[in-house]
Amino acid sequence: MAETIREQIISAITARPNTILTANGYNTECGQGVKRAIKDLESDDIPAVVVWPQPEEAERRSGRNICTTQVKVETYAAFGLVNPSVIQEQMLGDLIKCLTDPAAPVTLLVDDIYYKEGGPASQPEAGETTTAVAATFEVKYSYKIGNPYEQ
């Protein structure tokens, strides 16, 4: 079964955070559990990355649909004795590095991908042991009008 260009991009973005491991030069181990559009994580699922595809906009230009979509990516990690704000900044940096690196395979499918916004999803309450960061990436890509399966 053929996948649309959009699905190929979302799949590539979802696969990429698997590399977020300290062994690969990152600050966190969030790549241990990458999921797509999963709301409820169990404590056994942490550390984790969750990828949330968002709606897109398209415009018609020169026989092509030029699409702009956003992908929200959340990371979750335990912070132990480290200040949760420090872990949040590490997770955010890891996400930006991972998804916007020009050498990343996802960049082969898109015209542009960039970090748009992000930061702490919230601050942990007393007694909580995990923290989270959310980041939004804007993705621009195109395909032939009437054929979302072919670039």
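This briefing describes the strand order, helix packing, nonpolar core and selected residues of the structure above.

The model is predicted: local features need pLDDT of at least 70, side-chain atom pairs count only at pLDDT 80 or more, and totals for chains, interfaces and linings use all residues. Residues are numbered from 1 along each chain as its sequence is written, and side-chain values use heavy atoms, with hydrogens and water left out. The fold contains an open sheet of five strands in the order E1-E2-E3-E5-E4, with mixed pairing. Helices (H or I, at least four residues) and strands (E, at least two) are DSSP runs, numbered from the N terminus. Two strands count as paired if DSSP finds at least two bridges between them.

**Sheet**

- Strand E1 (34–36) and strand E4 (112–122) form the edges, each pairing on one side only.
- From one strand to the next, the twist averages 25°; axes are lines fitted to C-alpha atoms, for helices over the stretch in contact, and angles run from 0 to 180 degrees between N-to-C directions.
- Strands of a sheet pair through backbone hydrogen bonds, either parallel or antiparallel.
- E1 and strand E2 (residues 48–61) run parallel and are joined by three bridges; here Val34 stands opposite Val49 in E2.
- The pairing of E2 with E3 is antiparallel and extends over 12 bridges; Val49 stands opposite Thr75 in E3.
- E3 and E5 also run antiparallel, with 15 bridges between them, and Thr69 has Val139 in E5 as its bridge partner.

**Helices against the sheet**

- Helix H1 (residues 5–15) lies across E1, E2, strand E3 (64–78), E4 and strand E5 (130–144), at about 150° to E5.
- Helix H2 (residues 84–100) lies across E3, E4 and E5, and runs at about 15° to E5.

**Nonpolar core**

- In soluble globular proteins, nonpolar side chains tend to be buried together.
- A nonpolar core is a set of buried Ala, Val, Leu, Ile, Met, Phe, Trp, Tyr and Cys residues joined through side-chain atoms within 4.5 Å. Buried means under 20% relative accessible area, exposed over 50%, and partly exposed in between (1.4 Å probe, protein chains only).
- The largest such core has 31 residues, and those with the most contacts inside it are Ile9, Ile13, Val73, Phe137, Val139 and Tyr141.
- H1, E2, E3, H2 and E5 are the elements that give two or more residues to this core.
- Not counting residues up to four places away in sequence, Phe137 touches a set of residues including Val71, Val73, Leu95, Ile96, Leu99, Ile113 and Tyr115; contact means heavy atoms within 4.5 Å.

**Charged residues in the strands**

- Glu74 lies in strand E3 and counts as buried because its relative accessibility is 14%.
- The side chain of Glu74 makes a polar contact with the side chain of Trp52 at 3.1 Å. A polar contact is a pair of N or O atoms within 3.5 Å; within protein, one must be able to donate a hydrogen and the other to accept it, and residues adjacent in sequence count only if both atoms are side-chain atoms.
- Beyond four places in sequence, the residues that Glu74 touches are Ala48, Val49, Val50, Trp52, Val133 and Ala134.
- Lys140 lies in strand E5 and is partly exposed, with a relative accessible area of 29%.
- The side chains of Lys140 and Thr68 are joined by a polar contact of 3.3 Å.
- Lys140 and Asp112 are 28 residues apart in sequence, with 5.1 Å between their C-alpha atoms.
- Leaving aside neighbours within four places in sequence, the contacts of Lys140 include Cys67, Val110, Asp111 and Tyr114.

**Backbone features in the loops**

- Most residues other than glycine have a negative phi, and most peptide bonds are trans.
- The peptide bond from Ile46 to Pro47 is cis, with omega near 5°, and Pro47 belongs to the loop between E1 and E2.
- Ala37 is also found in the loop between E1 and E2. Ala37 has a positive phi of about 50° although it is not a glycine, and is partly exposed, with a relative accessible area of 40%.
- E2 and E3 form a hairpin with two residues between them, and Ser62 in the turn has a positive phi of about 50°.
- Ser62 counts as exposed because its relative accessibility is 74%.
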